[in-house]
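Please look over the structure below.

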Amino acid sequence: MDIPLSSRQLNAGILRLTVPHVTPDNNNTQVMSLFNEHTALIGLPVLENNRPIGMINRHIFLSQMSRPFFHELYDQKSCIAFMDKSPLIVDADAGLEYLSERVIETGDKAVTEGFILTQQGQYIGIGLGIDLIRTVSDLQAKQHLQIMQSLDYARIIQESMLSRSRNTIEQTLEEWCLYWHPRDCVGGDIYAFQRSENGWLMVLADCTGHGVPGAFMTFIFSSALEKALTIARPDAPEHLLSLINQHIKQTLSQVHPSSDRSQSNDGCDAIALYVDTHHAQVSWASARMHAFMLGAHADNAIVLDSCRKGIGYTDTPVDYQWQRYQAPLQRGDTFLIVSDGATDQPGGPRDIMFGKKRIQSLLVQNRSLPMSALSDALLQALKSWQGQQASRDDMTWFGFRW
């Protein structure tokens, strides 16, 4: 796909950021010190004779070093022990069209970690995937066709960010369903799934807006979640939401609502749900996200408890603490999380919202179906309810059966 001429006239060098770097002579204690000193640093380039040979991912490094005895084993060893040996390396004179193609080929790694910029093979700095997306989008905003091309690129990048989580779900769960459908080409719904030693974590968020503004918020949320996971354990969902809230408010200058710097009131509804597979227990923290549970022997589906404060918004305090809820799991328990694009979709004879009660009834009526078939039943019910109405918002849901 072609990028407009205005983009092709610019090169990758305009995205250059100056960040610290290390060499193979540096040990992991020094890497830890750099990450602690530069809290916004996502990737740390590794150079040899001023030529890049790898990148150290902040999240992976901190996760590894937090494991038992890893400090004793690796503190004094060379930093290349946790180095990604194949980061995306691009010459600063390369055009944005070429850079975009390489980022798409690389997938979410180049978006979340960034890429290394060189000049005649010598290191000069790094670039960030979100800066590339923003630059291309700004250049394409002058014409409708250019905007559509930008959306196509953004959709590919957004889908690549989500693909890793979907692949991990497929490898981890037996009975599950996942539906992600932006109202426009790109959207403001995002999910993330990761395994841990004793279970797995699912985070689902509905960010402010849809289309390009919503997609930008998902990139901010993804960065906030990645940073939170370097500080909080995945089995502490309430702590994760608090850290994400702090990051979003700081990023959007919404820490002090009365400040002239705060020109937005953006954020998200979200849920962080952790399943402890060893002890058959589920724990969650929810910021206005709709979630349901149908017990294996229950007659009715219940709505999971949730806090009424959203994440990142100006009326949410920067130090707000979400409540942790938990429940034991029994074989056959069914869970479903939905974004409000489903519950708030207008339709039906009286042109009213689909609502939570219809989802609760649908769970009971289809409790004997596999999760994939239950998801299909929900989709068909929503389409029938919607009729000729336009979609109100992005729609996402995730479900699993224990």
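This is a predicted model: local features need pLDDT of at least 70, side-chain atom pairs count only at pLDDT 80 or more; totals for chains, interfaces and linings use all residues.

Residues are numbered from 1 along each chain as its sequence is written, and side-chain values use heavy atoms, without hydrogens and water.

Strands are DSSP E runs of at least two residues, helices H or I runs of at least four, numbered from the N terminus. S1 (residues 43-48) and S2 run antiparallel, joined by six bridges; pairing takes at least two DSSP bridges. Val46 has Gly54 as its bridge partner in S2. Two residues lie between the strands of this hairpin, where Asn49 takes a positive phi near 55 degrees. Five of the seven residues of S2 (residues 51-57) are buried, meaning under 20% relative accessible area with a 1.4 Å probe, protein chains only.

**Cysteines.** The structure holds zero disulfides, a disulfide being two cysteine sulfur atoms within 2.5 Å. For Cys268, the nearest cysteine sulfur is that of Cys207, 4.8 Å away.

| Residue | Relative accessible area |
|---|---|
| Cys79 | 0% |
| Cys268 | 0% |

**Cavity.** A cavity is a set of points on a 1 Å grid over the protein atoms alone where a 1.4 Å probe fits but cannot get out; lining residues have an atom within 4 Å of a point. The second largest cavity is lined by eight residues, among them Met55, Asp84 and Lys109. Helix H6 (residues 108-113) gives the largest share of that lining, three residues.

Note on methods. Buried means under 20% relative accessible area, exposed over 50%, partly exposed in between (1.4 Å probe, protein chains only). On a 1 Å grid over the protein atoms alone, a cavity is a set of points where a 1.4 Å probe fits but cannot get out, and a pocket is an open set with protein on both sides within 12 Å along at least five of seven lines; lining residues have an atom within 4 Å of a point.
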